[in-house]
Amino acid sequence: MSVDVTPELSVVVPVFNEQDVLPLFAGRLRPVLDGLGVPYEVLTVDDGSRDATPAVLEGMRHAWPQLRIVRLRRNAGHQNALTAGLHRARGRYVVSIDVDLQDPPEVIAGMLRLAETEQLDVVHGVRTDRSTDSPFKRWTAGLYYRLIRRVVGAAVPHNAGDFRLLSRTAVDALTELPEHLPVHRLLVPWLGLPSGEVPYARERRAAGRSKYPPAGFTSIQGRPAYVVTFDSAVTGVRVPAGAPS
């Protein structure tokens, strides 16, 4: 399959200091995508990695023609790396997934099938089993979703993170927003586009540990909402005067 063909599917993968897990991730993701029978691309966004991640990605690219690499000059954070990938993704559909394999790549086929059959613009991956998380993390995750529903004023799926499929319509709408510090799990539901869900069991991290600073902030046009998260736990929420309660 020629890499010059406009892809049906783009997979955007933010990466920061993930030299150990990258080969494992590729070993899971590539068979899934090759089995879809459609043109695809994998867009890895190297978010200023300081370990051997750039060299590992280069080695993968030589063996995997559909793999593209975007390198950020410095660490910009997970959500900004994801935004950079969305801006460069060419597919009719775009899946975002983390490299740690806690979100199984095998779910992507079901996401694409649901989007096509139901003509959906958004398909959320929804965690049905968080047994790999600590009790404290599960409790704080529940608190987090209750609070962001109140702040955003939109239907935010429970236990949905950044593992999702977006149509080209949804991607274009997101990339046109003026947010400088986006949190996509808030912005995507706020768009109000036709959406669905695919359930899956969350897995343990395949190797290493997360290197990302666990904070995120966002404001949504005319309705400022500042949310700080810590490993899926809300450590502080400020709703300014005039925001919906």
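## Reading a pocket and a strand

Modeller: Helix 3 gives the most to the lining of the second largest pocket: 5 residues. Keep in mind that this model is predicted.

Biologist: Which other elements give two or more residues to that lining?

Modeller: Besides helix 3 (78-88), they are helix 6 (168-175) and helix 7 (184-191).

Biologist: How many residues line the second largest pocket, and which lie nearest its centre?

Modeller: The lining has 13 residues. Nearest the centre are Thr83, His87, Leu174, Glu179 and Pro182. The volume of this pocket is about 160 Å³.

Biologist: How many residues of the lining are nonpolar, polar and charged?

Modeller: The lining divides into 6 nonpolar, 6 polar and 1 charged.

Biologist: Now the strands. Where do side chains point in a regular strand?

Modeller: They alternate between the two faces of the sheet. Take strand 4 (residues 93-96) here: Tyr93 and Val95 point one way, Val94 and Ser96 the other. All of them are buried.

Biologist: In which sense does strand 4 pair with strand 1, and in which with strand 6?

Modeller: With strand 1 the pairing is parallel, over 4 bridges. There, Leu9 stands opposite Tyr93. With strand 6 (residues 160-167) the pairing is antiparallel, also over 4 bridges. Val95 stands opposite Leu165 there.

Biologist: Why does Ser10 count as buried?

Modeller: Buried means under 20% relative accessible area. Ser10 has 0%, so it is buried. This residue lies in strand 1 (residues 9-15). Beyond its neighbours within four places in sequence, its contacts include Glu41, Ala89, Tyr93, Val94 and Val95.

Methods
Residues are numbered from 1 along each chain as its sequence is written. This is a predicted model: local features need pLDDT of at least 70, side-chain atom pairs count only at pLDDT 80 or more; totals for chains, interfaces and linings use all residues. Side-chain values use heavy atoms; hydrogens and water are left out. Buried means under 20% relative accessible area, exposed over 50%, partly exposed in between (1.4 Å probe, protein chains only). Contact means heavy atoms within 4.5 Å. On a 1 Å grid over the protein atoms alone, a cavity is a set of points where a 1.4 Å probe fits but cannot get out, and a pocket is an open set with protein on both sides within 12 Å along at least five of seven lines; lining residues have an atom within 4 Å of a point. Grid points are joined across faces, edges and corners, and a volume is the space filled by probe spheres set on the points. Ala, Val, Leu, Ile, Met, Phe, Trp, Tyr, Cys and Pro count as nonpolar, Asp, Glu, Lys and Arg as charged, and the others, Gly among them, as polar. Two strands pair if DSSP finds at least two bridges between them.
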